[in-house]
Number of protein chains: 2
Amino acid sequence: MKNLTQLVEIAQAGLQKNLQSGLPFHNFKEAYEYAVLPPGKLFRPLLCLAAAQDYNQGENFDKRVSDILKLSSALEIHHSYTLVHDDLPAMDDDDYRRGRLSTHKKYGQWQAILVGDGLLNHSYYLISDLETKFDKQIRKFFGWALGAKGLIQGQYLDLSHEMNHSFDNLIETHNLKTARLIQTSMICGMLMTTEEPQLASQNFYKLYRFGRSLGILFQLIDDLTELTEEINQHEKDVNPWLHQKEQTQARYLLELRKVSNFLKDHEGSSLKEITSQYLQKQKTTLENGWSHLVQYNLDQKTLLNPVMSVLDILSSR
Amino acid sequence: MKNLTQLVEIAQAGLQKNLQSGLPFHNFKEAYEYAVLPPGKLFRPLLCLAAAQDYNQGENFDKRVSDILKLSSALEIHHSYTLVHDDLPAMDDDDYRRGRLSTHKKYGQWQAILVGDGLLNHSYYLISDLETKFDKQIRKFFGWALGAKGLIQGQYLDLSHEMNHSFDNLIETHNLKTARLIQTSMICGMLMTTEEPQLASQNFYKLYRFGRSLGILFQLIDDLTELTEEINQHEKDVNPWLHQKEQTQARYLLELRKVSNFLKDHEGSSLKEITSQYLQKQKTTLENGWSHLVQYNLDQKTLLNPVMSVLDILSSR
């Protein structure tokens, strides 16, 4: 059993190796590397590895670790392509990403479009020959969840501002734009080490719901932590905690409860460790920024107590 | 055995159906359809179907026709994504495509970026579950040939103008940007209906070389037919028939001979029919535009006689 630190190490090494296999022997290679490395938090690869380990049957995790790392790398590379394209002037127009110039600012626009396209292609190349029982299901879910009906439709709802037309649209955007990749990470990770079709199908539905809740919860917490900093009028106008407070708070509590229920029943320790680390960090951010939050009439107890209960459950194991 | 007209019919119907399966139930669907439909010449799907038919073992073509059409549709959908992104202002900046507004002019830039990304994802989704003996090889070749080392590196060489630094660079650009997708179409089509590994591997190499020659030849003919119309100074500066005439003519004759040699030995009739139709059309264009071409001191006999010999061989079967 690998702990979280060990999983981070193999995820990083795997990403370095699996990225190289897709790049041209040409100086343009540098632009691809810039878009992916040095690795960020590797949240999606870690969810993949954690699920693969938590649902491991027999020796599958060890036997298939090289293919599992191909998959976890594909997830990070795919995520990176979405960021490179999202940052383009015609999209979100961001000059900075992770504290340095975004790819299009560093290398130019057409270069960034091609880097994104190249990374997208490579993510599929990496999952093209996985040796495992449910490889076909992995590829189909990956393509469905991240394609025109999934993640990309989430980007559409965001950029077209349809996201802001109703609370349902907001949740659907979070579901497509954020949760789909999280679901893919865990579901495909689980399918890499599972052998029995019935278990695969049970765990599929569990992780589908858990991933959906986790993704939506993360985005709602993101919107909340945004309020711990100075924000401008436009950001105030679209922040659901300000103009749809009751619905947002109710949905936040609901998704937090669902996440908690899944983790309570879940037998493995890796997914618990990752979620716990994430919630701990968000809790600290919110506590430190509460002086900012009070001006918006948000109740600290209502919002933080349920997070602490989840953390208690996770640490008392 | 289906003739070319019948292959066009099933390619069109397949594309309509297989495109729909990837689109969201939302009005943004329209932008995806605009980028792909109505179908163009379907050159790549037809090469795929032709190869699948020419190399057919047993009843495979009929048994697997639905999966072969998924593949042929994936090729056209992938080709469409490259055109949508190529037309973007930051890339080639083209306002028109096939006689109407390009996707970004019709729907906007971020919409065109997302349409391209969505089509790219969908092309891989369509080949994610092909039922055939060499499905893994199909996916690997597809991802390799069209990815960051392949087609996209060709786009890089073009946009960076490295293409114009030497004749070798020009040929490598044609090879990557044009030939890779043609090779993919024929090789993957052949692999859909082949059963014996040894035949698969022999035909792989034959089609790899034929596809390379066909792709390079097409681009050189493209450059030549460009000269049958009024062109501006910039186009004159980069046209290899004007500033690298001898090398270009020698290479044109070489690739034409390779194409001819492949077709002479080739047993099926579909690939012959497609190539013949294409060469016939180019020959007519060149003949009609010769009054323009004479000013560049190009010799009609040297350039057209070999094309006519190939056409003679093909029609005398």
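Colleague: Which residues of α3(A) are buried?

Modeller: This is a predicted model: local features need pLDDT of at least 70, side-chain atom pairs count only at pLDDT 80 or more, and totals for chains, interfaces and linings use all residues. Residues are numbered from 1 along each chain as its sequence is written, with chains lettered from A and ligands numbered from 1 in the order in which they are written. Buried means 20 or more other C-beta atoms within 10 Å of the residue's own, with C-beta atoms placed from the backbone. By that rule the buried residues of α3(A) are A:R44, A:P45, A:L46, A:L47, A:C48, A:L49, A:A50, A:A51, A:A52, A:Q53 and A:D54.

Colleague: What covers the buried residues of α3(A)?

Modeller: Eleven of the twelve residues are buried, so α3(A) is largely enclosed by the rest of the structure. Helices here are DSSP runs of H or I, at least four residues, numbered from the N terminus. The cover includes α1, α4, α5, α10, α11 and α15 of chain A.

Colleague: At what angle do α3 and α10 of chain A pack?

Modeller: Axes are lines fitted to C-alpha atoms over the stretch in contact, and angles run from 0 to 180 degrees between N-to-C directions. The contact, defined by C-beta atoms placed from the backbone and within 7 Å, includes A:L47 of α3(A) and A:L181 of α10(A). The axes are 7 Å apart, and the angle is about 35 degrees.

Colleague: Where is A:L42, and is A:L42 buried or exposed?

Modeller: A:L42 lies in the loop between α2 and α3 of chain A. Its phi is near 55 degrees, a positive value in a residue other than glycine. A:L42 has 21 C-beta neighbours inside 10 Å, so A:L42 counts as buried.

Colleague: Which peptide bond in chain A is cis?

Modeller: Look in the loop between α2 and α3 of chain A, where A:P38 is found. Omega is near -10 degrees for the cis bond from A:L37 to A:P38.

Colleague: Which element gives the largest share of the side of chain B that touches chain A?

Modeller: In this interface, 37 residues of chain B are in contact with 37 residues of chain A. Eleven residues, the largest share of that side of chain B, come from α7(B).

Note on methods: Two residues are in contact if their C-beta atoms, placed from the backbone, lie within 7 Å. Helices (H or I, at least four residues) and strands (E, at least two) are DSSP runs, numbered from the N terminus.
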